[in-house]
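Me: I have a model open on my screen and I'd like to learn how to read it. Could you walk me through a few features?

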Amino acid sequence: MPRHVNHESRRALIEEAAIAIATESGFAAVTIRAIAERIGASTSAVTHYVGSREELLRNAIRREVDMRRQEAEAAIGGLEDAAALRAFVEWAVLGQDEPSHQRWLALVLGAASEPMLRIELGLFNLWWSQQMRERIARLGPADPTLAEDLLNVLVDGLIVTSIDMGQPWPAERRLKLLDTVWQALGL
């Protein structure tokens with residue numbers, strides 16, 4: 001009798017292994033063989049689900065990026081205007097745990113050497129920028145571009161700082177900084 005395999009679970013396991021390896025050792029270390037070793041399977045078991053390393057990376061990256069996007073959309077929920085913008089930024093700087101920030105930083109660093117990663121990350125960044133611009137425009141600050149740039153630097157800086165320092169700043173410190181920026185922007 002053939003063994004029943006949950007194909008969706010197997011794909012998810014492969015994609016999670018790819019992101020884990022990339023986070024630990026960089027995207028150059030993500031190979032079919034490395035994935036097979038990580039999940040305790042043969043290389044043919046992995047290639048049953050993905051035809052190439054590029055497909056493997058694309059699927060894993062899309063999954064990771066889609067999860068982040070869904071989390072951000074859930075954080076915004078039914079909020080509007082300033083509350084939606086604030087929830088969006090807070091999700092990025094407070095709602096993510098350290099492993100999530102490490103995975104995201106691995107994506108950003110990997111984009112320099114992986115063209116397909118650069119494309120997928122670029123699509124997320126377009127979505128992010130659109131979300132920021134639309135919400136900021138509704139609030140009518142004196143300089144919407146400055147507001148967007150400042151919020152993006154804040155988000156990026158707090159994510160990188162959490163990696164650079166080995167742990168994120170305490171939530172109250174991040175929140176205090178966000179409050180200060182929010183007040184400076186008049187939001």
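Predicted model: local features only at pLDDT ≥ 70, side-chain atom pairs only at ≥ 80, totals over all residues.

Me: Let's start with helix H1. How many residues does helix H1 have, and how far does helix H1 reach from its first C-alpha to its last?

Reply: Helix H1 runs over residues 7-25, so to speak end to end, with 19 residues and a reach of 27 Å, close to the 27 Å expected at 1.5 Å a residue.

Me: Which residues of H1 are buried?

Reply: Start with the general idea: an α-helix has 3.6 residues a turn, so residues three or four places apart point the same way. Now look at H1, where the buried residues are Ala12, Ile14, Glu15, Ala17, Ala18, Ile19, Ile21 and Ala22. Their cover includes helix H2 (32-39), helix H3 (43-47), helix H4 (53-76) and H6.

Me: What about H4: what span should H4 have, and how far apart are its end C-alpha atoms?

Reply: H4 has 24 residues, so at 1.5 Å a residue it should span 34 Å; the end C-alpha atoms are 35 Å apart, which agrees. Buried residues in H4 include Leu56, Leu57, Ala60, Ile61, Glu64, Val65 and Arg68. The buried residues of H4 pack against H1, H2, H5, H6 and H7. Just after H4, Gly77 has a positive phi of about 50°.

Me: On to the rings. How many aromatic pairs does a search of the whole structure find?

Reply: The search finds five. For each pair, check the distance between ring centres and the angle between the planes. Phe88 and Trp127 are 5.7 Å centre to centre with 75° between the planes, which makes them edge-to-face. This pair links distant parts of the chain, with Phe88 in helix H5 and Trp127 in helix H7, 39 residues apart. Phe88 counts as buried because its relative accessibility is 0%, and Trp127 is buried too, at 5%.

Me: And what about Trp91 and Trp128: why is that pair called tilted?

Reply: Their ring centres are 6.4 Å apart and the planes meet at 45°, so the pair is tilted. Trp91 in helix H5 and Trp128 in helix H7 are 37 residues apart, so to find them you look at distant parts of the chain. Both are buried. Phe88, Trp91, Trp104, Phe124, Trp127 and Trp128 form one aromatic cluster.

Me: Last one: what volume does the largest pocket have?

Reply: The general idea first: rolling a probe the size of a water molecule over the atoms shows where empty space is left. Here the largest pocket has a volume of about 390 Å³. Of its 19 lining residues, the closest to the centre are Trp104, Asn125, Val155, Asp156 and Ile159. Helix H5 (81-94), helix H6 (98-110), helix H7 (115-139) and helix H8 (144-164) each give two or more residues to the lining. By type, the lining divides into eleven nonpolar, six polar and two charged residues.

Note on methods
Residues numbered from 1 in each chain as written. Heavy atoms only, no water. 1 Å grid on protein atoms, 1.4 Å probe; cavity = no way out; pocket = protein on both sides within 12 Å on 5 of 7 lines; lining within 4 Å. Points joined across faces, edges and corners; volume = space filled by probe spheres on them. Helix = DSSP H or I, 4+ residues; strand = E, 2+ residues; numbered from the N terminus. Nonpolar A, V, L, I, M, F, W, Y, C, P; charged D, E, K, R; others polar. Expected span 1.5 Å × (residues − 1). Buried < 20%, exposed > 50% of the residue type's maximum accessible area, 1.4 Å probe, protein only. Contact = heavy atoms within 4.5 Å. Phe/Tyr/Trp six-rings, centres within 6.5 Å; stacked < 30°, edge-to-face > 60°.
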